[in-house]
Amino acid sequence: MKACVQARILAASLLCSGAVLGASQALAWEPTKPIEVVVPFSAGGASDQMARTIQGIIQKNKLTTQPIIVVNKPAAAGGEAMLDIKDSAGDAHKLITTSSGIFMTPMTTKLGVSWTDFTPLVMMAQDAFGLWVNAKSPYKEPKDLLAAAKDAKPALKVGGTGSKREDQLLVIAMEKASGAKFSYIPYPGGGAASTQLAGEHIAADTNNPSEEIANWRGGATRPLCIFSPKRLPYDAKVVGDQSWGDIPTCREKGLDVSYEMLRGMFMPGKVSPEQRDYYVGLFRKVAATDEWKDYMARNALVPDFREGEAFLEFLKKDELHHKDLLTQAGFLAAN
Amino acid sequence: MENLASLIAGFELALSWHNVAFMIIGVLLGIVVGVLPGLGGPNGVAILLPLTFGMDPTSAIILLSSIYWGALFGGAITSILFNIPGEAWSVATTFDGYPMAVQGRAGEALTAAFTASFIGALAGVVLITFVAPLVAQFALRFGPAEFFAVFLLTFCSFIGMGRENKAKIIVTLALGFLLAAVGMDTISGDLRMTFGVTELMRGFDFLVVVIGLFGVSEILLTVEEGLHFKGKRAGIDLKVVLRTWTALPRYWGTLLRSSLVGMWMGVTPGGAIAASFMGYGLARRFSRNGAKFGKGEMEGVLAPETAAHAAGTSALLPMLALGIPGSATAAVLLGGLMIWGLQPGPLLFVEQKDFVWGLIASMYLGNIAGLIIVLATVPLFAAVMRVPFALVAPIILIICAIGAYTISNSIFDIWLMLIFGIVGYVFKKLDYPLAPLVLALVLGDRAEDAARQALIGSEGDLGVFFSNGLVGTLMVLAFVLLLWSPMIEGLSWLRRRLLASRPSEAHN
């Protein structure tokens, strides 16, 4: 623009403004019909809550001109949703929320789909996992639980979501690190596991903070440690004088297991860079709102917003990490 | 009596003008959602959830729970008029409701269904009002073994109480279990019986199967009979409501039994679907008119509707008090609570008193509003039965197809619906009961998961199913119901032998 003004030649100036206009048109891709957000898990779960919170934030702050629709496709541990996005290549009005399932479901079920079929947008945050026990149980520290597990007959029961997924991998990692043996009980969701823990039907569970907070606050369950590499960055009091940040990491307590799970957004493959950039910009705006920060704090999500190269690097590393974990556990589907 | 004071404060909150307006809108939307098969309560609530983000939580939950009430009421309408259950829990309502409509008693059947819904829901709300914390704690005693025992009890009561050929019941039950196993297995994380077909990964959706088995097969049967208009013309006016009401007190036993079954299943959480089947099965066995069930007996409409609604309402109790959703709709409402910034769980009653009691008060008012609205529509819906079948049939088929498609936006499901329509037709011709298949399809994989979770925990020891008083009692009760008929027959055979042997002894 500056060069154009300096030239002070009418023709050149016209040419320049024409070029600028053209460029701004190409940049500003806008959705032209409702945007569908596919949630690969059932309504009410953590992924669903995140999608609906984002939907609420976008609509409340009018960040898009088109409405957002949340669709649940929970079949086959998210496999159905992933195949749907794969088949929607080029559709710029479809998004999918993701967790580590994006690596693990294809690896354990032989479904012909991979995250590389999609266009990565952003990572909104990472989700932590805790080691939780019933509030009345005698275990004060992870080592008490592990010691009890070594002598227990039948083995102590640990609950989690689904099979051959993050919760079961955590239990296997705990067994490897300590030499104790557990019976892993798969439940359809973290909420069910939490209730079963409150009713003393299992000895422990490995829920995300959001899945366990109700029972922790209600005095039915309590955390022994958190499987994150660092303590959670929230110091507001949650229960009595305890905050999320007061929970020690499992490593601090001598249980050398750490794991966090990405919570991100993808869209189908074969979309234009302008379309991708539109959504990256949209989620950048969502992540900056106070409502999103409240949501993160309430569910103790680990702040870790990534886009572009940083997100891609993370995905590549995380995929190898999960492949490793699944191979060690013997869960990789035979081809 | 602290609860009562809180409830009165709740009434004041719920009775504000805009909240009453939300209640009425919610009930009307819910009826629409309930009438359209496939849309269903959970989807309806999920679709409308975003509308409530800007509202204050109390008004939002009043709107959404009114949709829930409306859907509960609306589900009965298509079941009775067209033999198509709009909701999973109204399958059992078709057994006697549809025959009644065919006999020209649609108005009576609808009134009975709506009133029974109201009574059931009221029983559930009273339960929530007065014993919430106590009952909520009871739900925590249910581990995998106890869940399995509840499901087994439902299956056994169905076999034991059924009047059809027992072998045929078991065959269709087994077929239902087989269909339920298709798709992702929670316990192993593997896909089962999908044969590489993407559509089969979802498994067989209950509603697709039900719409086919009941709705489409019924149309086929009617077409075979030569498109004769089956519904007899009957005088339709609001007097039918009063006439039906005067007959109700006679059935107090059934209403009470179904309310109790429903409340229990809702809290435990066996759910409204299991409750409706159990309510129907028990009424058929213990009613004086039991033999006439299936041929258009009003009691056969009252029993499942009361139980389903008592369960549906009670299911909200564990959600509020413990944060456990007792039903799919409750799960969506639960998600809503969190989006509004409320944390469900034991502390909700303490921290959000206004919200909780406003909701409970709205349950009373929403139900009353719902009853008045649906009763006013009875003549309207009953009039549908006067339209010639040749006109109605294609419309019903289209509604069926839309319903099947809506569940997961899949054309494949429409084909599936038609296939199950033919299966249903063949079953009816061969006199195989359809209900056990449906029951096994809904509860089959949950029962399987529960059994396997229990056995993983006990390392294969079957003793886990008798390890405490609760699960032991449930298991024994299940077997008693299963063997009810042989036991009664055995007892009367013994009595006859005793009576027969006594005189002969005298002769000697």
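**Figure 1. Chain A in overview.** Buried residues account for 53% of the 335 residues in chain A. The model shown here, as in the views that follow, is predicted. Chain A has 12 helices and 13 strands. Its C-alpha trace extends over about 90 × 50 × 30 Å along the principal axes. Of the chain A contacts with a separation of 6 or more, 75% join residues 24 or more positions apart.

**Figure 2. The largest nonpolar core, seen around B:Ile80.** This core holds 152 residues. The members that touch the most other members are B:Ile80, B:Leu110, B:Phe148, B:Ala149, B:Ile211 and B:Val438. Leaving aside residues up to four places away in sequence, B:Ile80 touches B:Thr93, B:Gly97, B:Tyr98, B:Ala101, B:Ala106, B:Ala109, B:Leu110 and B:Ala113. Another core, of 95 residues, lies apart from the largest one and includes A:Phe103, A:Cys225, A:Phe283 and A:Leu301.

Figure 3. Eight of the nine residues of α5(A) are buried, so the helix is largely enclosed by the rest of the structure. After α5(A) comes A:Lys110, which has a positive phi, near 65°.

**Figure 4. The crossing of α5 and α12 in chain A.** Two packed helices are described by the angle between their axes and the distance between the axes. For α5 (residues 101–109) and α12 (residues 308–329) of chain A, the axes come within 9 Å and cross at roughly 40°. This angle makes α5(A) oblique to α12(A). The crossing of α5(A) and α12(A) is right-handed. On the α5(A) side the contact is formed by A:Phe103, A:Met104, A:Met107 and A:Thr108. On the α12(A) side it is formed by A:Asp318, A:Glu319, A:His322, A:Lys323 and A:Leu326. Sorted by class, the contact of α5(A) with α12(A) has four nonpolar, two polar and three charged residues.

**Figure 5. A cis peptide bond at A:Pro154.** Most residues other than glycine have a negative phi, and most peptide bonds are trans. The bond from A:Lys153 to A:Pro154 is cis, with omega near -5°. A:Pro154 sits in the loop between α6 (142–151) and β6 (156–161) of chain A.

**Figure 6. Positive phi at A:Glu200.** A:Glu200 is a residue other than glycine, and its phi is positive, near 60°. The loop that holds A:Glu200 runs between α8 (190–198) and β8 (204–205) of chain A. A:Glu200 counts as partly exposed because it has 16 C-beta neighbours inside 10 Å, and 20 or more would be needed for a buried residue.

**Figure 7. Positive phi at B:Met193.** B:Met193 is not a glycine, yet its phi is positive, about 50°. B:Met193 is found in the loop between β2 and α9 (206–224) of chain B. With 13 other C-beta atoms within 10 Å, B:Met193 is partly exposed.

Terms used
Residues numbered from 1 in each chain as written. Chains lettered and ligands numbered in written order. Predicted model: local features only at pLDDT ≥ 70, side-chain atom pairs only at ≥ 80, totals over all residues. Helix = DSSP H or I, 4+ residues; strand = E, 2+ residues; numbered from the N terminus. Buried ≥ 20, exposed ≤ 12 C-beta atoms within 10 Å, placed from the backbone. Contact = placed C-beta atoms within 7 Å. Core = buried A, V, L, I, M, F, W, Y, C linked by C-beta atoms within 7 Å. Axes fitted to C-alpha atoms, helices over the stretch in contact; angles between N-to-C directions. Parallel < 35°, antiparallel > 145°, perpendicular 65-115°, else oblique. Left-handed = near helix turned anticlockwise from the far one by under 90°. Nonpolar A, V, L, I, M, F, W, Y, C, P; charged D, E, K, R; others polar.
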